[in-house]
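Hi there,

I am passing a structure on to you, and I hope you enjoy looking around in it. Please open it first and keep it beside you while you read on.

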Amino acid sequence: MTDPDDTGPDAWVQDGVGEPDELERLWTPHRMEYIKGVNKPTHGEAGEDCPFCRIPTLPDEEGLVVHRGETSYAVLNLYPYSPGHLLVCPYRHVADYTDLTREETVEVAELTQTAMRVVRQVSGAHGFNIGMNQGSVAGAGIAAHLHQHVVPRWGGDQNFMPIIGRTRAMPQLMSDTRKLLSDAWPE
C-alpha cells in the first residue's frame, strides 16, 4: 500500500491489485455475509435452517422482531435496502402467496399497513416499495418462506452511494431501529 499520510489520488492503492483509477472505494465487508449466503437455508423445509422459522423462537431484540401478530410478524431485514426496511412474514412455513390462509392474508396486509404508518411516524418516509418475490427466479433470496418487503423511501435517497458506490449508509444501529419501531407500534 502507499503511504497512509499521502492524500493524493493514488493514496491507499494496494500494489498488484488491478489498475489504479480515479475512483474512490467504499468497502462494505459486512455485505459478504449476504453474498456468501450466511443464514440462508440449504433446503426448502421448515425448521431451524429457515431464518423466518427460527426468528420467532428468539427474543424480540435478538431476532430484530418489531411486532408479533396472531399468524404473522414484522421483523427488520438483516440486509436492508434502506433504514427501517421491514419484512412481514407468516409464522407458518409457506412459499406461495396463494397458499396463505384467509387469516394469514389479512394479517400480512394489516401488518404491512401498520408498518407503513409506524415508519412514516418515526422517520418521515416519503414513500414505500412494497412487495414480495415469489420464487427464486423472481429474486426471492429465501423462496421457501414467504415474506413481504416494506422498504421506506425518501426523496433523493438513491444518490451516488447505492447507485455508483453500491453502498448504503445506515444512520442507525439495527437494535436502535428495532426499538424505535417496536415502541411506536400500536397495541
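Predicted model: local features only at pLDDT ≥ 70, side-chain atom pairs only at ≥ 80, totals over all residues.

Residues are numbered from 1 along each chain as its sequence is written, and side-chain values use heavy atoms, with hydrogens and water left out.

**The annotated sites**

Which residues does UniProt list for "binding site"? In an unreviewed entry, it lists N77 and H149. UniProt positions are given in the numbering used here, feature names are shortened, and annotations may be inferred rather than shown by experiment. The two residues are spread over 73 residues of sequence, yet they cluster in space, with a largest C-alpha distance of 8.3 Å.

N77 sits in the loop between β2 (72-76) and β3 (86-90). Helices (H or I, at least four residues) and strands (E, at least two) are DSSP runs, numbered from the N terminus. With 9% relative accessibility, N77 counts as buried. Buried means under 20% relative accessible area, exposed means over 50%, and partly exposed is in between (1.4 Å probe, protein chains only). Leaving aside neighbours within four places in sequence, N77 is in contact (heavy atoms within 4.5 Å) with H85, L86, L87, H149 and M174.

H149 belongs to strand β5 (residues 148-153), and H149 is buried too, at a relative accessible area of 11%. Not counting residues up to four places away in sequence, the residues that H149 touches include N77, H85 and N129. The side chains of H149 and H85 are joined by a polar contact of 2.8 Å. A polar contact is a pair of N or O atoms within 3.5 Å; within protein, one must be able to donate a hydrogen and the other to accept it, and residues adjacent in sequence count only if both atoms are side-chain atoms.

UniProt, again in an unreviewed entry, places the feature "active site" at H147. This residue is in the loop between β4 (127-131) and β5. Is H147 buried or exposed? At 11% relative accessibility, H147 counts as buried. A polar atom of the H147 side chain lies 2.9 Å from the backbone oxygen of H145.

**The core**

Nonpolar side chains tend to be buried together in soluble globular proteins. Here, the largest nonpolar core has 27 residues, and those touching the most other members are F52, Y73, V75, L86, L181 and W185. A nonpolar core is a set of buried Ala, Val, Leu, Ile, Met, Phe, Trp, Tyr and Cys residues joined through side-chain atoms within 4.5 Å. Two or more residues each come from α2 (51-54), β1 (65-68), β2, β3, α4 (102-123) and α6 (174-184). The largest share, five residues, is from α4.

**Helix α6**

Which residues of α6 are buried? They are T177, R178, L181 and A184. These residues cover an arc of only 145° around the axis, so they are on the same side of α6; the arc is that of the directions from the helix axis to the C-beta atoms. Their cover includes α3 (60-63), β1, β2, β3 and α4.

**Salt bridges**

How many salt bridges does the structure hold? It holds four. A salt bridge is a side-chain nitrogen of Lys or Arg within 4 Å of a carboxyl oxygen of Asp or Glu.

- E61 pairs with R178 in a salt bridge, with the closest N and O atoms 3.4 Å apart. E61 lies in helix α3 and R178 in helix α6, so the pair ties together parts that are 117 residues apart in sequence. E61 is exposed, at 54% relative accessible area, whereas R178 is buried, at 6%.
- R92 and E104 meet through their side chains in a salt bridge (2.7 Å, N to O). R92 is partly exposed, with a relative accessible area of 36%, and E104 counts as buried at 5% relative accessibility.
- K179 forms a salt bridge with D183, the closest N and O atoms being 2.7 Å apart. Both lie in helix α6, four residues apart, about one turn of the helix.

Happy exploring!
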